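Dear colleague,

I am handing over to you the structure shown below.

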Amino acid sequence: MALFLVARRHKTLIYLEPNGGDFVQTVVDTIARLVKKNPDDVAVVFQGNRLKGNKTLTECNISHLGEAPVEPITINFVFKPEGSEDDWEEPHMEELSKSPESHAMGGDLAQGDELNGAAGAQAAGAD
């Protein structure tokens, strides 16, 4: 089942449409490619917990319930500070304006490749 995720870091938003069976590492790799970081320096956080790359999104309780139209599921992504072995920054999300058009006009958009053949990714905004 396809999911609709919004990965956030500060004012950066990345829209993803992975499948529930996709591994967290696939999401990390996609985010890292879009933000031009090494995947080892990017982690995904959901409900305050850093997710392990060898788990699927469904195993991490990231799923939509039912078939009704849904709001995107928000996850955070964080970076490992340069030179750090296992320290990670805290998730931080800045308030966004209410108009999505203002972000599209002011931020760079990057179209990603397909995520496991079933979905794409798009990034908007800047830190």
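For what comes first, please keep one cut-off in mind: a residue is called buried if its relative accessible area is under 20%, exposed if over 50%, and partly exposed in between. Please also note that this is a predicted model.

Strand β1

I begin with β1, which runs over residues 5-9. With five of its five residues buried, β1 is largely enclosed by the rest of the structure.

The partners of β1

Two pairings of this strand were found. With strand β2, residues 12-16, β1 pairs in the antiparallel sense, and five bridges link the two. Within this pairing, A7 has I14 of β2 as its bridge partner. The hairpin formed by β1 and β2 has two residues between the strands, and H10 in that hairpin adopts a positive phi near 55 degrees.

With strand β5, residues 73-79, β1 pairs in the parallel sense, over four bridges. Here R8 has N76 of β5 as its bridge partner.

Aromatic rings and a charge

The count of aromatic pairs comes to two. One of them is formed by F4 and Y15, whose rings are stacked, with 6.3 Å from centre to centre and 15 degrees between the planes. Because F4 belongs to the segment before β1 and Y15 to strand β2, this pair ties together parts that are 11 residues apart in sequence. As for accessibility, F4 counts as partly exposed at 29%, and Y15 likewise counts as partly exposed, at 28%.

A further ring contact involves F79: the charged end of K37 sits over the ring of F79, at 4.6 Å from its centre.

Helix α1

Finally, I turn to T26, which is part of helix α1, residues 24-35. The relative accessible area of T26 is 18%, and since the limit for a buried residue is under 20%, T26 is buried. Between T26 and P39, which are 13 residues apart along the chain, the separation of the C-alpha atoms is 9.7 Å.

With kind regards

Methods. Residues are numbered from 1 along each chain as its sequence is written. This is a predicted model: local features need pLDDT of at least 70, side-chain atom pairs count only at pLDDT 80 or more; totals for chains, interfaces and linings use all residues. Side-chain values use heavy atoms; hydrogens and water are left out. Buried means under 20% relative accessible area, exposed over 50%, partly exposed in between (1.4 Å probe, protein chains only). Two strands pair if DSSP finds at least two bridges between them. Rings of Phe, Tyr and Trp (its six-membered ring) pair if their centres lie within 6.5 Å; planes under 30 degrees apart count as stacked, over 60 as edge-to-face and the rest as tilted. A charge sits over a ring if NZ of Lys or CZ of Arg is within 6 Å of the ring centre and within 35 degrees of the ring normal.
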